[in-house]
Amino acid sequence: MAQRRQVSADDLQDFIEGRLSAERRGEVEAYLQSHPAEARRVEALREQAGRLRRLGSEMLTEPVPSQFLDILKRLKN
Amino acid sequence: MAGEEKSDEPTPVGVHDALVAELPHLRRFAYYLTRGSERADDIAQETLARAVKHIGRLRPDSNLRAWLFTIAHNVARNEARRQRRSPVDPHTDLADLQPAQAQSQDSAIELREMHEAVLRLPPAFRQTLFLCAIEGLSYEDAAEVMAVPIGTVRSRLARARLALERDLAGSGSKGKAAEAGKE
């Protein structure tokens with residue numbers, strides 16, 4: 001069986017951020033299963049990441065003031 | 001404030017509609033940059049005016065959102081220099097800010113607390129957290145927006161997450177995040 005690659009602090013951060021490939025994610029998950037203290041810390045930060053993704057979402061649906069659309073009229077066709 | 005100049009180049013096909021679609025994201029970035037100051041929309045409009053003027057500099061392969069954010073970052077920084085004060089407005093009344101609506105009461109409170117804690121972060125942490133964790137930009141794009149190396153984005157992001165976690169764990173006592181890391 002192939003030796004499992006080391007899991008670095010950057011890997012854990014990318015895991016928290018959801019920026020890992022499926023393969024690498026599986027390796028990090030396996031690592032965390034055997035490191036429960038680290039797993040709890042990572043899980044807390046993953047929950048935080050999930051909440052952060054929802055922050056300010058109401059601002060994306062409010063109407064944009066008309067001054068912005070006026071500025072876009074300066075674009076040349 | 002926003003200059004009246006026309007574009008320097010013809011507008012590439014589709015760019016007008018793409019810009020319209022980016023406006024809410026640009027306004028939200030300006031909001032977080034200024035901690036919800038009333039200057040947020042001025043900065044967003046000045047950013048858009050510069051983008052329109054220099055639309056010919058937009059490369060076909062570049063990320064439009066990151067390009068706009070790069071301009072906004074510079075506009076906000078220049079404005080802060082001109083006014084000889086930090087882009088953080090210490091007089092912003094956090095109680096006036098409206099955090100995200102959520103389905104359950106519990107998560108609405110949680111989101112509100114998080115929103116306020118993010119606004120308490122030092123500017124570099126707040127901006128990094130916004131770009132990477134809220135907008136989901138790549139580290140490369142976030143590095144370009146803030147004109148810092150990718151390693152700096154990574155380290156700021158990790159420290160911002162810990163500062164936020166500490167602030168939220170500290171049962172809402174204000175100002176902890178700000179103490180956690182001035183750069």
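1. The buried residues of α2(B) are covered in part by the other chain: their cover includes α4 of chain A, along with α1 and α3 of chain B. This is a predicted model, and the points below should be read on that basis.

2. Within α2(B), the buried positions are Ala40(B), Ile43(B), Ala44(B), Gln45(B), Glu46(B), Thr47(B), Leu48(B), Ala49(B), Ala51(B), Val52(B) and Lys53(B). Because 11 of its 14 residues are buried, α2(B) is largely enclosed by the rest of the structure. From first C-alpha to last, this helix of 14 residues reaches 20 Å, close to the 20 Å expected at 1.5 Å a residue.

3. Chain B as a whole has 8 helices and 0 strands, so its pattern along the sequence reads α-α-α-α-α-α-α-α. Of its 183 residues, 39% are buried. Among contacts in chain B with a separation of 6 or more, 65% join residues 24 or more positions apart.

4. The largest nonpolar core holds 47 residues, and those with the most contacts inside it are Ala30(B), Ala72(B), Leu129(B) and Cys132(B). Both chains contribute to this core: α4 of chain A supplies at least two residues, as does each of α1 (15-33), α2 (40-53), α3 (64-82), α4 (105-120), α5 (123-134), α6 (139-146) and α7 (150-169) of chain B.

5. The contact between the chains takes 27 residues from chain A and 37 residues from chain B. On the chain A side, α1 (9-17), α3 (36-52) and α4 (66-72) each supply at least two residues. The largest share of that side, 6 residues, comes from α3(A). By class, the side of chain A that touches chain B has 13 nonpolar, 8 charged and 6 polar residues.

6. On confidence, the predictor gives the complex an ipTM of 0.86 and a pTM of 0.81. Chain B averages a pLDDT of 83, with 76% of the residues scoring at least 70. Two stretches of chain B need a caveat. The pLDDT is below 50 over residues 90-97 of chain B, a stretch with 7 contacts in the model beyond near neighbours in sequence. Residues 99-103 of chain B also have a pLDDT below 50, and this stretch has 14 contacts in the model beyond near neighbours in sequence.

Conventions:
Residues are numbered from 1 along each chain as its sequence is written. Chains are lettered from A and ligands numbered from 1 in the order in which they are written. This is a predicted model: local features need pLDDT of at least 70, side-chain atom pairs count only at pLDDT 80 or more; totals for chains, interfaces and linings use all residues. Helices (H or I, at least four residues) and strands (E, at least two) are DSSP runs, numbered from the N terminus. Ala, Val, Leu, Ile, Met, Phe, Trp, Tyr, Cys and Pro count as nonpolar, Asp, Glu, Lys and Arg as charged, and the others, Gly among them, as polar. A nonpolar core is a set of buried Ala, Val, Leu, Ile, Met, Phe, Trp, Tyr and Cys residues joined through C-beta atoms within 7 Å. A residue is buried if 20 or more other C-beta atoms lie within 10 Å of its own, exposed if 12 or fewer, and partly exposed in between; C-beta atoms are placed from the backbone. pLDDT is the predictor's confidence in each residue, from 0 to 100. The expected span of a helix is 1.5 Å times one less than its number of residues.
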